Amino acid sequence: MKYDAIVVGSGISGGWAAKELTEKGLKTLLLERGKDVKHVTDYDTANKKDWEFPHRGRITNEMKATHPVQKRDYPYSEFKPDWWVNDLECPYTEVKRFDWYRGFHVGGKSLMWGRQSYRWSEWDFEANAKEGVAVDWPIRYADIAPWYDYVESFAGISGSIDGLPQLPDGKFLPPMNLNIVEKDVAERLRQKYEHRRLIIGRSANLTQPHGGRAGCQYRNLCSRGCPFGAYFSTQSSTLPAATATGNLTLRPFSIVSQILYDKNTKKARGVLVIDAETNQTIEYEANVIFVCGSTLGSTHLLLNSVAMGAMPEEVANRSGELGHNLMDHHFRCGASGEAAGYDDKYTYGRRANGFYIPRYRNFFGDKRDYLRGFGYQGGANRQGWSRDVAEMSIGVNLKTALTEPGKWTIGMGGFGEMLPYHDNKVTIDKAKKDKWGQYVLSIDCELKENEFKMRKDMMADGAEMLEAAGIKNVTTYDGGSFPGMAIHEMGTARMGKDPKTSVLNKWNQMHDVPNVFITDGSCMTSAACVNPSLTYMALTARAVDHAVNELKKGNL
Amino acid sequence: MLQRTAVLFGGTLLGADSIFAKNIDWEAIENAPESKGIGLFSKSQVKLLNEIADTIIPETDTPGAKQAKVGQFMATIVSDCYEPADQQRFMEGLTTLQAACEQTNGKSFQKCSLAQRTALLNTLDKEQREYQKNKKPGSGQPNHYFRTIKDLTLWGYFSSEIGATQALRYVETPGRYETIDYKKGDRAWG
């Protein structure tokens, strides 16, 4: 079967590719390896209360047995377990610890993501070139700015206009509220520091109705799917738009196993799909292919295409960089303390967002003993029933105390940029196969000296700022961070100016396969320290626009 | 991603003769003439857990832990979610608690008065607090068994329908987020 376009993957990037391609008139096949998830009707736990779950959200030993990796952190829970992969069906090799969190279903991680949405600045794009790290990005802020405008306006991003050069303002819906403790801390930081600002998080949660979707109801149950469509996901936003064109064919249970390269036309002619339910293989053909299967999913596809002989190595990986320069953000360290003097204040509602302190290190003339920097995500709230009430004895006194809120506490955790290192890489492991007979990925990635030096500041700065803001009993913490944990993994098919040192050009187009575009996290040449999904959206929309123009000109 | 604090941690596969407590009809178990209890716990052990929990969170102007079936919940969590080593520690902890009760009061926990039970658990609470203070962070040293019992009780109670909607205030769909005034005695949100 032949289509105008094929999109591999239906997550944050794939949903956008499908929307843009179909809206520009292309008959598009959207291939998703997992099951379908219908907006609202398949959010079966979205309205359940905690006590309606047998284990109140905690995972059982049965669940741990089939999810040895997903069980490592909080996102996999009893509240919506079927959106996290069965690790036994799709294993991988950890040369060093890498926590690979995945969701195989229509919508991908756009259903479970954290929704924090920040633009890159010019300083992020030029860092590699200025510091002699890895290779230069082939684009700058001016290239992507109109596309940030475009995707923000459609998706609906709430945030405040702050005028910070290191974190460009966007096309925002009204911001969510900071609470009184956060506002006071923000003001004290503004007075004490020239370049450090505490702002409300910029979140893909709607603060007013938008595009036919309702505003956020402050239930903080986003990761179960939102019956109000109040946060951006494939289901709430891009898929309905694509479907409305009449040009979309969605095929779930379709694992794209190989990209099929035609030596005569020197283009990809299509893809080989393994039906996830029947193991039947099917070929689909198209004029243009958008690979949006998640960072490591996409690179796995390319490496496997080479391993299986469907793509020549010199065409898929002339530079030798495919699989290399894997990055993630490192986090899980910061500071917290107690805010005194607010006993007569409380909060109403469960805000699925926090505050944000944009990066200031190694900017504005500051120079540290490491490169790049970090931002903080945090929040203030009153302690609940799980706090220790040392002075209360067992029984009535304890119960009474715990039915009231405790002290106000405030905490913040840093998200740090990880440099691209050639040695942090993924390769094909031919000694292991997944449930469908495909070779698996071997992942060899670790934080290095630059990151560890940065973590010291992430804790010390956090403590210093809280103390400067009058917070008491300030302590720091470091829970340890391994690549994969932040679920912001990126790189391995990087963009660059030179085909000898990069996989993709300035249009996310493979240097040597002009009708294949890769627009998910794998394309990233550096990582910055901000949550990356908004950038994937913008790069995808921009790349589709270019691809369709090229098709019209007969260049593809 | 925004972090949430993890509440508790758990284990691996249970042995073949364990009963998974999911979808158990607790009412039926309570009323059955012969019962296998819940998971690893006999019916009388579940009763003991309820008595312990109810001592920690008694009935006041709102129902207590027993009415919220916290004992059944604790048995479910330990049976289905705990690692074997933690399960063993928990069972031994119950034995230790009973032994301490026999030592102090000359009878089992179930036969003691409310005053005696409360006094015993307060002693154990002080003991766990001392132990926890001296525990080295990151050492992998397990918690004191009474700390575990207390944590499970509080979680089981405040996440139950009774706890969340009667002892605390529950609003299903708040619709907004903002700072509000607070006066002493206002209940926390469930």
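**Entry 1: helix α5 of chain A**

I looked up which residues of α5(A) are buried, and found A:V181, A:E182 and A:V185. The model is a predicted one. Down the axis of α5(A), the buried residues fall within an arc of 95 degrees, so they line one face of the helix. I note the general rule that an α-helix has 3.6 residues a turn, so residues three or four places apart point the same way.

On the face turned away from the buried side of α5(A), I found the exposed residues A:E187, A:R190 and A:Q191. I then checked the span of the helix. α5(A) covers residues 180-192, 13 residues in total, and reaches 18 Å from its first C-alpha to its last, close to the 18 Å expected at 1.5 Å a residue.

What do the buried residues of α5(A) pack against? I listed four strands of chain A: β11 (333-339), β13 (355-357), β14 (374-382) and β15 (408-416).

**Entry 2: the sheet**

I traced an open sheet of six strands in chain A, in the order β6-β13-β14-β15-β11-β18, with antiparallel pairing. Its edge strands are β6 (199-200) and β18 (472-478) of chain A, each of which pairs on one side only. I looked at the β6(A) end in detail: two bridges join β6(A) to β13(A), and these strands run antiparallel. A:I200 has A:F355 in β13(A) as its bridge partner.

I returned to α5(A), which packs on this sheet and touches β11, β13, β14 and β15 of chain A. The direction of α5(A) makes about 60 degrees with that of β15(A). Helix α10 of chain A (residues 449-468) also packs on the sheet, touching β11, β14, β15 and β18 of chain A. For α10(A) I noted an angle of about 10 degrees with the direction of β11(A).

**Entry 3: A:P91**

I located A:P91 in the loop between α2 (61-66) and β3 (93-94) of chain A. Is A:P91 buried, exposed or partly exposed? A:P91 counts as partly exposed because it has 17 C-beta neighbours inside 10 Å.

Leaving out residues up to four places away in sequence, I found that A:P91 touches A:K432, A:D434 and A:V440. A:P91 and A:K432 are 341 residues apart along the chain, and their C-alpha atoms are separated by 8.2 Å.

**Entry 4: chain B**

I counted seven helices and one strand in chain B. From the N terminus on, I read its elements as α-α-α-α-α-α-α-β. Of the 190 residues in chain B, 36% are buried. I also checked contacts in chain B between residues at least 6 apart in sequence: 55% of these join residues at least 24 apart.

Methods. Residues are numbered from 1 along each chain as its sequence is written. Chains are lettered from A and ligands numbered from 1 in the order in which they are written. This is a predicted model: local features need pLDDT of at least 70, side-chain atom pairs count only at pLDDT 80 or more; totals for chains, interfaces and linings use all residues. The expected span of a helix is 1.5 Å times one less than its number of residues. A residue is buried if 20 or more other C-beta atoms lie within 10 Å of its own, exposed if 12 or fewer, and partly exposed in between; C-beta atoms are placed from the backbone. The arc is that of the directions from the helix axis to the C-beta atoms. Two residues are in contact if their C-beta atoms, placed from the backbone, lie within 7 Å. Two strands pair if DSSP finds at least two bridges between them. Axes are lines fitted to C-alpha atoms, for helices over the stretch in contact, and angles run from 0 to 180 degrees between N-to-C directions.
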